[in-house]
Amino acid sequence: MNNRNVFLEKELPYQKLALVGLEKDKVLSMPKEVLAPLLSGKISPLLMANVQTENGTVDVPMKLQLYRDKNGTAQVMTYPVQKEIPNDLRLSLYETNKLQQGEIIKKPIDEDGTRRLKFLQLDPETNNIMKRDVSVVKMQEQLKSIEKINDIQLGANQKQAALEGKPIELTVGDQKVSVGVDLKQPTGFKVVQGDMREWEKQQKIKYDEATPGYMGYVQTDKNRWEYTQIIDKATMHKVRKESISETRSAGMKL
């Protein structure tokens with residue numbers, strides 16, 4: 001079987017992508033800045049999709065992420081831009097504030113009739129709450145691998161903090177390395193060369209610097225993708241007012 005975090009163009013779920021206006025030719029013509037992270041299992045940059053509703057077609061800015069189901073088949077998760085953070089997960093105000101501050105929280109969630117412990121993380125560009133089973137992230141294995149590769153011993157407090165989803169700073173030789181949960185990554189785990197300040201900078205860089213004013217990719221009338229501003233407050237309000245109810249959850253499987 002192929003690497004679970006890497007996808008080939010031939011195995012993409014084109015029929016499902018077409019549900020948001022991304023037919024096969026549009027997907028394959030995406031610029032590398034969109035297609036490369038998508039094929040590697042990362043969350044895509046912001047792009048404009050077209051969703052069919054009872055009132056016609058609505059332009060909805062969203063992000064996409066590929067994942068594999070239990071059979072190894074490629075599926076797609078959508079993260080449409082929302083005006084407010086949805087609370088279908090019944091988060092407390094304290095939990096919501098933690099997410100808004102960029103922290104990861106761990107919480108049992110009922111999904112499809114099963115209660116599972118999940119990591120939750122907010123994507124501030126879309127106001128979606130990303131979630132991943134704690135067992136899928138495999139933090140215990142990640143930490144053991146780091147100890148073995150770098151010939152170091154993590155302290156009990158460091159391990160416990162990491163298992164709760166908090167980033168930790170390590171000293172490897174004469175270098176600082178920060179590791180922790182990041183659900184934007186295909187494995188749900190991230191390693192940054194640097195201290196906690198560098199970790200925080202890397203977590204914010206795409207949102208604050210690379211995409212100022214909500215920038216993203218739009219399929220133009222010239223039949224090509226262009227990088228442009230696709231969201232402003234008026235657009236976001238319009239999308240939120242007219243958008244379909246199924247985009248209210250924390251990510252939507254097509």
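1. In which crossing, left-handed or right-handed, does helix 6 pass helix 7? The crossing of helix 6 past helix 7 is right-handed; a crossing is left-handed if the near helix is turned anticlockwise from the far one by less than a right angle, and right-handed if clockwise.

2. The structure is a predicted model, in which local features need pLDDT of at least 70, side-chain atom pairs count only at pLDDT 80 or more, and totals for chains, interfaces and linings use all residues. Residues are numbered from 1 along each chain as its sequence is written, and side-chain values use heavy atoms, with hydrogens and water left out.

3. The protein has nine helices and 12 strands. Helices (H or I, at least four residues) and strands (E, at least two) are DSSP runs, numbered from the N terminus. Of the 254 residues in the protein, 45% are buried, where buried means under 20% relative accessible area, exposed over 50%, and partly exposed in between (1.4 Å probe, protein chains only). Among contacts between residues at least 6 apart in sequence, 46% join residues at least 24 apart; contact means heavy atoms within 4.5 Å.

4. Helix 6 (residues 139-150) packs against helix 7 (residues 156-163) at an angle of about 140°, and their axes are 10 Å apart. Helix 6 is therefore oblique to helix 7. Angles under 35 degrees count as roughly parallel, over 145 as roughly antiparallel, 65 to 115 as roughly perpendicular and the rest as oblique. Axes are lines fitted to C-alpha atoms, for helices over the stretch in contact, and angles run from 0 to 180 degrees between N-to-C directions.

5. Helix 6 contributes Met 139, Gln 140, Leu 143 and Glu 147 to this contact, while helix 7 contributes Lys 159, Ala 162 and Leu 163. The residues of the contact comprise four nonpolar, one polar and two charged. Ala, Val, Leu, Ile, Met, Phe, Trp, Tyr, Cys and Pro count as nonpolar, Asp, Glu, Lys and Arg as charged, and the others, Gly among them, as polar.

6. Within helix 7, the buried residues are Ala 161, Ala 162 and Leu 163. Their cover includes helix 6 as well as strand 4 (105-111), strand 5 (114-123), strand 7 (168-172) and strand 8 (175-181). After helix 7 comes Gly 165, whose phi is positive, near 100°.

7. Leu 38 belongs to helix 3 (residues 32-39) and counts as buried because its relative accessibility is 2%. Its C-alpha atom is separated by 8.9 Å from that of Val 6, 32 residues apart along the chain. Not counting residues up to four places away in sequence, Leu 38 touches Phe 7, Ser 44, Leu 64, Gln 65 and Leu 66.

8. Gln 65, one of these neighbours of Leu 38, is found in strand 2 (residues 56-68). At 8% relative accessibility, Gln 65 is buried. A polar atom of the Gln 65 side chain lies 2.9 Å from the backbone oxygen of Gly 41. Beyond four places in sequence, the residues that Gln 65 touches include Lys 42, Ile 43, Tyr 79, Arg 132 and Leu 183.

9. Arg 90 has a positive phi of about 55° and is found in the loop between strand 3 (74-80) and helix 4 (93-100). Asn 127 has a positive phi of about 65° and is placed in the loop between strand 5 and strand 6 (128-133). Arg 90 is exposed, with a relative accessible area of 75%, whereas Asn 127 is buried, at 16%.

Note on methods:
A polar contact is a pair of N or O atoms within 3.5 Å; within protein, one must be able to donate a hydrogen and the other to accept it, and residues adjacent in sequence count only if both atoms are side-chain atoms.
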